[in-house]
Amino acid sequence: MKPENSEDKKYLFDKPASMKILAWSFLLSLVLLLALEFFIHKHTHFPSEEWPEFYCVFAFVAFVALVLSAKYILRPLVKRREDYYD
Amino acid sequence: MTDVLPPAAIFIIGGLLVPLIKGKWKSAYMLLIPVAGFINLINIPEGTHWVVGFMEYNLIFGKVDRLSLLFGYIFHLISFIAILYAIHVKDDVQNVAGLVYAGSALGVVFAGDLFSFFVFWEMLTVASIFLIWARRTKAAQGAGYRYLLVHAAGGLCLLAGIVLYVNQTGSIEFGYIGLNGLATLLIFLGFGVNCAWPFLHPWLTDAYPEATITGTIFLSAFTTKCAVYALARGFPGTEALIWIGAIMTAFPIFYAVIENNLRRVLSYSLINQVGFMVCGIGIGTQMAINGAVSHAVNDILFKALLFMSMGAVMYRNNNKINCTALGGLYRTMPLTCICCIIGAASISAVPLFSGFVSKSMVMDAAATGHMQIIWFILLFASVGVLEHAGIKIPFFAFFGHDSGLRPKEAPPHMLLAMGIAAFFCIFNGSFPSYLYSLLPYPVEYVPYTVPHVVGQTQLIFFAALAFILLTLSGMSPAEMRAVNVDADWFYRKGSGLFYRVMDISMNGLTRVADRVIVGELTGSICRISQRWPEVLCLGVMIPLWSITGVKGKELEGKIERTRAALQTHTSPIGISAAIATIFLVLIYLLM
């Protein structure tokens, strides 16, 4: 048996094959989710919810906006050296 | 009522006895406390119990209804999990503090009057502080003191409110309070400090990441949830809470994106989740309150699970907890990794996991009430949860870049504690009817509808897509070792300003006092008191001597001798008596 910390031991996500399976199944899920939209009847509260692919677009845009605004607006404002309070 | 005890008593008395028990039995004894407490709890009928007369008021230690019972159940469950997770800890300070802290939380939720409520509320602070200080680092010590000061201020605010409120209403019963006037506003703000409202929140993100590995599990469960309970009891339907809650969900997610310490990320996440509860309480409909309370139950479980998985990472990696130091741990800590992912899926409201069935109730209540802006803020915050808790926590600890660390898997008792929490995360998410049956109001909400499941899954997958694209393109913010200043800047840096202001004003006052009183006033009083007898005496004697015909050299000699006698305090008794008499006559005339 190989020792636990041996350098050449390959773990699950070190193998290109498993990463490939993961990537393809993720892409397939995305396509499936986009397609599903047209087969369901939505119960909406607000008009914007009725837009096609509302949740997909909202999630993507909101995520990018959140990360970039945190990176380019908040971080320059609040970042200090680690010993700032010492 | 002789066969059951107040739930708080079992934990507090049981906790204080812990140091007396030695060796192997200690672990068994500590695990037995929440079990015994739970058996005791399910035998307490609904109603009002343990009413104790106190002056002209009644203290109530057992206001048992559906709201307090549900918090009671979850507090017992999480105590068991947290004690199991901490079973390796030999430090009795932490063991006692954890149990007394849990007992105080139970005291808060079953208190039927404001006096005993306040006492238990303060005990929460006192007990929890030891879970922070027990880390015994300089950072923990500082954070603990700041934690104590903030909570002391909040407690005083609450006390002032309670005194005014009792004075106005004449009753100390703790029921619906509602926001009207100064007394209720002070109570409201007192609750708000423990609830980590915006600007009142930094004690949480400051202290929780500095607490001990096991202490943080207790901390994450009780203080904020007690505040949620208190708001649900005293201020349901208060409109201000809708906005406060919405802001709480939204602002921490920005901080969580750029934070390096993973336990601090979870602390921001805690505020974000409590925001959903506060918002639900503010909306105040039956569905919203149900949503808030059920989300509190689920959050206690999944937040504890996430903190436990990060704690296990720290435990096995020499207290490393920064994104920059970790990565790739799934290789040797697969079970901890799976538990962490279950917690992450629950908080992200993945279908079949617990967040899905409770958070959506609050969002649905907002939508039903046509609160479009609030609904959008909550939806945005849900995406933010995915970013920091759903993806960042598991990704940077267990995947991401390979840090080269190959630690051992977490010890069995930690895995078991995480396993129990993970079980309930999945159970509550997959079979919500059990949780729903315990909620304060009847539940008509159906979480598993096709549009809801599809919509939520779309939200999760496309947020994940955004994460992947941002990471691959190198646009994700790099993890860096840094401090991000938050509202605590005002008292951490502000305290320096306070010090300088006090230095200038108070020490300035001392300097002025020194110059005026010590330097000038004392000297002049001294001079005057020496000079006046002379003036008085000679003022009377010179005319007298002149009349009796004393002149020239003789008069000067007499004046000289009198002056010398007065200056050396050797004046003959006759003269002293004469001066005293003249003085008394003068006073008599002036009166």
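**Two chains, one predicted model**

I start with Phe199(B) for its backbone. Its phi is near 75°, a positive value in a residue that is not glycine. Where does Phe199(B) lie? It lies in the loop between α7 (182–194) and α8 (202–207) of chain B.

Glu53(A) is not a glycine, yet its phi is positive, about 55°. Glu53(A) belongs to the loop between α1 and α2 of chain A. It has 14 C-beta neighbours inside 10 Å, so Glu53(A) counts as partly exposed.

Now the domains. For chain A, the assignment gives domain 1 (12–41) and domain 2 (44–80). Their centres, taken over C-alpha atoms, are separated by 22 Å. For chain B, the assignment gives domain 1 (1–149 + 190–217), domain 2 (236–482) and domain 3 (494–590). Between domain 1 of chain B and domain 3 of chain B, the C-alpha centres lie 68 Å apart.

Next, the contact between the chains. How many residues does each chain bring? Chain A brings 35 residues and chain B brings 39 residues. On the chain A side, α1 (16–36), α2 (54–78) and β1 (79–80) each supply at least two residues. α2(A) gives the most to that side, with 16 residues. By type, the chain A side divides into 22 nonpolar, 5 polar and 8 charged residues.

β1(A) is joined to strand β3 (residues 483–484) of chain B by 2 bridges, and the two run antiparallel. Take Arg80(A) as a handle: its bridge partner in β3(B) is Val483(B).

Chain B also has a hairpin of its own. Strand β1 (residues 47–54) of chain B pairs with strand β2 (residues 57–64) of chain B in the antiparallel sense, over 7 bridges. Thr48(B) stands opposite Lys63(B) in β2(B). The hairpin has 2 residues between the strands, and Met55(B) takes a positive phi near 50° there.

On to the core. In soluble globular proteins, nonpolar side chains tend to be buried together. Here, the largest nonpolar core holds 203 residues. Which members touch the most others? They are Ala304(B) and Leu305(B). Helix α12 (residues 286–316) of chain B gives this core its largest share, 18 residues. Look at Leu305(B), leaving aside its neighbours within four places in sequence. Its contacts are Cys339(B), Ile342(B), Gly343(B), Met418(B), Ala421(B), Ala422(B) and Cys425(B).

Last, a check on one helix. Helix α11 (residues 262–283) of chain B has 22 residues, so at 1.5 Å a residue it should span 32 Å. Its end C-alpha atoms are 32 Å apart, which agrees. Is α11(B) mostly covered or mostly exposed? Mostly covered: 22 of its 22 residues are buried. After α11(B) comes Gly284(B), whose phi is positive, near 80°.

Find Phe199(B) in its loop between α7 and α8 of chain B. Find Arg80(A) with its bridge partner Val483(B). Then find Leu305(B), in contact with residues including Met418(B) and Cys425(B).

Notes. Residues numbered from 1 in each chain as written. Chains lettered and ligands numbered in written order. Predicted model: local features only at pLDDT ≥ 70, side-chain atom pairs only at ≥ 80, totals over all residues. Contact = placed C-beta atoms within 7 Å. Helix = DSSP H or I, 4+ residues; strand = E, 2+ residues; numbered from the N terminus. Nonpolar A, V, L, I, M, F, W, Y, C, P; charged D, E, K, R; others polar. Pairing = 2+ DSSP bridges. Core = buried A, V, L, I, M, F, W, Y, C linked by C-beta atoms within 7 Å. Buried ≥ 20, exposed ≤ 12 C-beta atoms within 10 Å, placed from the backbone. Domains from an automatic or database assignment. Expected span 1.5 Å × (residues − 1).
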